[in-house]
Amino acid sequence: MSALNLRLPDSLHEQVRQLAAADNISMNQFIALAVSEKVAALRTVAYLQERGQRGDREKFVRVLDKITQAGQPPLEEDQL
């Protein structure tokens, strides 16, 4: 584990202190959790962007066409 010296504005420091106390955790745990949540969110965005790049609109349309040909119209939320 590594140590990190962190400077926070007094107002933010006080909010973190209060929120950590309300959750019955240390400020260190609170900040570690906040950082891990942010990392997870950014990695999720990157993952979804990468997956989106692999998407193929023509294949998607072909799948929708198969559904329509089978006599089942696409669900409203599946239509473009």
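Which residues line the largest pocket? They are Met 1, Ser 2, Ala 3, Leu 4, Leu 6, Asn 28, Ile 31, Ala 32 and Val 35. Here a pocket is an open set of points on a 1 Å grid over the protein atoms alone, where a 1.4 Å probe fits, with protein on both sides within 12 Å along at least five of seven lines; lining residues have an atom within 4 Å of a point.

This is a predicted model, in which local features need pLDDT of at least 70, side-chain atom pairs count only at pLDDT 80 or more, and totals for chains, interfaces and linings use all residues. Residues are numbered from 1 along each chain as its sequence is written, and side-chain values use heavy atoms, with hydrogens and water left out.

By class, the pocket lining looks like this:

| Class | Lining residues |
|---|---|
| Nonpolar (Ala, Val, Leu, Ile, Met, Phe, Trp, Tyr, Cys, Pro) | seven |
| Polar (the others, Gly among them) | two |
| Charged (Asp, Glu, Lys, Arg) | none |

Beyond its neighbours within four places in sequence, Phe 30 is in contact with Val 16, Leu 19, Ala 20 and Ile 25 (contact means heavy atoms within 4.5 Å). Between the C-alpha atoms of Phe 30 and Leu 19, 11 residues apart along the chain, the separation is 8.1 Å.

As for confidence, the mean pLDDT of the protein is 91 (pLDDT is the predictor's confidence in each residue, from 0 to 100).
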